[in-house]
Amino acid sequence: MLGLRLKRRESLAQLLGETRQEVRRGGVQNFEVNRPITMDDPVAELRTAVEAAAGNLRDGAEPGSSSPTLERPREAGFGDVSTNAAMLLAPTLGEQPREIAEKLAERLRGSLGADLEKVEIAGPGFLNLFLADAWYRRAAAALLAAGAG
């Protein structure tokens with residue numbers, strides 16, 4: 001199991017490395033939280049899910065000047081992907097980041113469904129996402145299909 005998780009993290013690291021600049025520039029304005037995930041771009045789909053959950057919590061409030069990050073944690077125990085979305089929402093919503101992280105986690109569980117093994121809240125309000133094998137299988141299939149085209 002550890003070998004599979006390390007391989008999964010290495011593959012995700014490649015995907016994140018290729019799209020890191022896009023993630024930092026990203027910003028989607030209108031979101032549909034319960035949309036189907038098509039996996040055309042696996043990392044973009046994760047980013048969209050995080051931004052959708054954040055947009056849902058903002059409920060019309062103006063987004064901050066920064067977009068949430070989506071990064072691979074340095075330690076495997078902190079999940080496959082982490083985001084600072086809750087900390088960026090805190091000033092806008094006037095709530096503590098950890099409270100916002102709980103709400104974001106609930107929405108991500110709903111929108112990502114079987115693609116998400118679990119979500120943990122860490123530190124001041126980071127969300128650590130542990131992706132399920134189903135996500136990796138679908139991501140691998142999408143990458144293979146993209147290479148075949």
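The legends below describe close-up views of a predicted model.

**View 1**
Where pLDDT is low, the predicted coordinates should not be read in detail.

**View 2. The packing of helix 3 and helix 4.**
Helix 3 covers residues 85-93, and helix 4 covers residues 97-112. Their axes lie 8 Å apart, and the angle between the two helices is about 115 degrees. The crossing of helix 3 with helix 4 is right-handed. On the side of helix 3, the contact is made by Ala85, Ala86, Met87, Leu89, Ala90 and Leu93. Helix 4 meets these residues with Pro97, Ile100, Ala101 and Leu104. By class, the contact of helix 3 with helix 4 holds ten nonpolar residues, no polar residues and no charged residues.

**View 3. The second largest pocket.**
This pocket has a volume of about 210 Å³. The second largest pocket is lined by 13 residues, and the closest to its centre are Glu71, Pro73, Arg74, Ser82 and Phe126. Two elements each give two or more residues to the lining: strand 2 (81-83) and strand 4 (126-131). The lining of the second largest pocket consists of four nonpolar, five polar and four charged residues.

**View 4. The largest cavity.**
One cavity of 30 Å³ or more is found when the whole structure is searched. The largest cavity has a volume of about 30 Å³. Its lining is made up of Arg47, Val50, Glu51, Pro68, Thr69, Leu70 and Thr83. Helix 2 (residues 42-58) gives the largest share of this lining, three residues. Sorted by class, the residues that line the largest cavity are three nonpolar, two polar and two charged.

Terms used:
Residues numbered from 1 in each chain as written. Predicted model: local features only at pLDDT ≥ 70, side-chain atom pairs only at ≥ 80, totals over all residues. Heavy atoms only, no water. Axes fitted to C-alpha atoms, helices over the stretch in contact; angles between N-to-C directions. Helix = DSSP H or I, 4+ residues; strand = E, 2+ residues; numbered from the N terminus. Left-handed = near helix turned anticlockwise from the far one by under 90°. Contact = heavy atoms within 4.5 Å. Nonpolar A, V, L, I, M, F, W, Y, C, P; charged D, E, K, R; others polar. 1 Å grid on protein atoms, 1.4 Å probe; cavity = no way out; pocket = protein on both sides within 12 Å on 5 of 7 lines; lining within 4 Å. Points joined across faces, edges and corners; volume = space filled by probe spheres on them.
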